[in-house]
Amino acid sequence: MFDYESAVKQLQKDMGVDFVGLALPSNLKSEQDVTWKYVCGNLNERYKRIHLRRDSGVAGVVMKTGRKWIDRDISKTDVGEYTYKFPIIKFENLTSFLAEPLWKYNKVVAVLLFANRNHTPLTETIEADVEKLLETGFGPFYPEDVINFENTKG
Amino acid sequence: MKTQKVDIDAFMKQYFDETDEMILILNRFNQIIKMNNAAQSVLHNQYNKLEITKSLCTICTGFTSPDAQITCKNCFAVSPSNIDGTFQVFMRDKNNTVVPYSGSIVELSGREQLKVLTLQNISEQIKTQEILHQKNITKKIINAQENERKRVSRELHDSVVQELLNVMVDFRLLKYQGEKSMDKQLELMEGTMARLMDDIRRISLELRPSSLDDLGLSAALRSHIKMTEQNFGVDVEFHTNIKDERYTSEIETTVYRVIQEAMHNAVKYSNSEKIFVSVIKESLGNTLNVSIEDQGDGFLLDDTPKGTGLGLYGMKERSEIVNGIVDIHSELGKGTEISLTIPLGVKS
């Protein structure tokens, strides 16, 4: 079993962000019951209460669209205006974030969230850096929709 | 100079007789001592009664003050000096219907303390205003309805159709699967179907929970509260003593929708972590007391609403259907409490 907890901690250290969260379904094949299962740098335990849906919230939008989502200043976008729709942002007082889709079985099943508080900007190169970190995959997941990724990996 | 004065007298007399504006001259006992033609033609009917008492009160039903729409409190005719400019007053016309007028009153100097009351019919303006107000509300309601349809249609298109498409692709893939990967493929398809079922259930629940009709208020509320907790990560404390008691469909729907709206407002605007919801049947069983409370930011009731303003309006309209009363209490920095009191009639 992949050690998600240490991996998430390591990601936070490597990227130098305030918060890292991994949204995972309880069963990867049925993709049901998605929660923020592993977090690092959290302010409180409220994230445990959130049950994600595939079409709402930060992770929901990324799962649905299959694309990464970067917002360098939420006060300038809808996320800041409707924070109640993005509970993880609200509970953790996040001000900027990058959400990265993780693929398995040719579907987006998990989401990695890198975020900062107190208007600390994300580094200019964060997108490239994260891409590089995830190049070889993350646990059972792969970073993009590559049909043969699993085969090439091993 | 003298000739000119005569002219003004004649002019005033002519104006008094010919103007459409109703002019009434009152003495200090508020008896009508003279009316012009315009006033007579409208207010003439109660002539006999007027002849005996000549009191203004036989035709006047009251005026509009900050206290009430129609009131006799601080009567304009008793203390005209308290009245600034024009005011709205209601008088009976010939057909005994009450008509709104814009009135102004002047107290003449001199020992007789005569007062001149002039009236202009403003029922047309009021009607126009009402129509405008109605139009505005209708526009908002139509917008809200359209938005709701948009939401449902988008959900059907984005989640249901999307998942069905996935299943279709999976079916096609099955043809080319070898024995080995067949099991995994089938498992994935099963997952897709389970998600599809969840989605449809959720859409149907959000439109109107069937549990409200089948299982009653408290069951429907519990599932709605659980969903709100999961979606928005808030903590809801729910108290009730109604168990699985059933009420008329109107009452159950009203309670459910008011709680739904109030909880959503609390989630959206209050910034509160906790919401307290209670549905309590009073010990004598005559009323149902509903309350939704948060300890969040609160707001000023006079402020322009942050949203469309339809939410609170809808709560009031809905509760009126079941003769309920909605009471909104909010304090900045302390929180908001919405309470709904419904008289219970005969159980269905």
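In the predicted model described here, B:Tyr15 lies in helix H1 (residues 2-18) of chain B; helices (H or I, at least four residues) and strands (E, at least two) are DSSP runs numbered from the N terminus. The model is a prediction, in which local features need pLDDT of at least 70 and side-chain atom pairs count only at pLDDT 80 or more, while totals for chains, interfaces and linings use all residues. Residues are numbered from 1 along each chain as its sequence is written, chains are lettered from A and ligands numbered from 1 in the order in which they are written, and side-chain values use heavy atoms, with hydrogens and water left out.

B:Tyr15 has a relative accessible area of 37% and is therefore partly exposed, given that buried means under 20% relative accessible area, exposed over 50%, and partly exposed in between (1.4 Å probe, protein chains only). Together with B:Ile8, B:Phe11 and B:Met12, B:Tyr15 forms a nonpolar surface patch with about 420 Å² of accessible area. Accessible areas come from the Shrake-Rupley method with a 1.4 Å probe, and for residues only the protein chains shown count as cover. Patches are made of residues with over 30% relative accessible area and no salt bridge, like charges being joined within 9 Å and nonpolar side chains (Val, Leu, Ile, Met, Phe, Trp, Tyr) within 5 Å.

The secondary structure of chain A consists of six helices and five strands, arranged along the sequence in the pattern α-β-β-α-β-α-α-β-β-α-α. The radius of gyration of chain A is 15 Å, close to the 15 Å that the globule rule gives for 154 residues, so chain A is as compact as a globular protein of that length. This radius is taken over C-alpha atoms, and the globule rule is 2.2 Å times the number of residues to the power 0.38. The C-alpha trace of chain A spans about 40 × 30 × 25 Å along its principal axes. Of the 154 residues in chain A, 50% are buried, and the chain exposes about 7300 Å², 47% of it supplied by carbon and sulfur atoms. Among contacts (heavy atoms within 4.5 Å) in chain A with a separation of 6 or more, 57% involve residues 24 or more positions apart.

Nonpolar cores were defined as sets of buried Ala, Val, Leu, Ile, Met, Phe, Trp, Tyr and Cys residues joined through side-chain atoms within 4.5 Å. The largest comprises 35 residues, of which B:Val255, B:Ile259, B:Ile275, B:Val279, B:Leu288 and B:Ile292 touch the most other members. Elements of chain B that give two or more residues to this core include helix H7 (217-232), helix H8 (249-270), strand S8 (274-281) and strand S9 (287-294). H8(B) provides the largest share, nine residues. Beyond its neighbours within four places in sequence, B:Ile275 is in contact with residues including B:Val236, B:Met263, B:Val267 and B:Ile292. A second, separate core of 27 residues includes A:Ile50, A:Val58, A:Val111 and A:Tyr142.

Side chains of opposite charge can pair when their charged atoms come close. With a salt bridge taken as a side-chain nitrogen of Lys or Arg within 4 Å of a carboxyl oxygen of Asp or Glu, the count over all chains is 23. In chain A, the side chains of A:Glu127 and A:Arg72 form one such bridge, at 4.0 Å from N to O. This pair links distant parts of the chain, 55 residues apart, with A:Glu127 in helix H5 (residues 126-133) and A:Arg72 in the loop between strand S3 (69-71) and helix H3 (78-81). A:Glu127 is partly exposed at 26% relative accessibility, as is A:Arg72 at 33%.

In chain B, B:Arg246 and B:Glu252 form a salt bridge whose closest N and O atoms are 2.9 Å apart. B:Arg246 is partly exposed at 27% relative accessibility, whereas B:Glu252 is buried at 4%. Salt bridges that share partners also join B:Glu148, B:Arg151, B:Glu155, B:Asp199, B:Arg202 and B:Glu206 into one network. Within helix H4, B:Arg151 and B:Glu148 are three residues apart, about one turn of the helix, and their side chains meet at 3.1 Å from N to O. B:Arg151 is partly exposed at 29% relative accessibility, and B:Glu148 likewise at 34%.

B:Glu155 also lies in helix H4 (residues 123-175) of chain B, but is buried, with a relative accessible area of 11%. Residues up to four places away in sequence aside, B:Glu155 touches A:Arg53, A:Asp55, B:Val160, B:Arg202, B:Ile203 and B:Glu206. The C-alpha atoms of B:Glu155 and B:Ile203 are separated by 7.5 Å, although the two residues are 48 apart along the chain.
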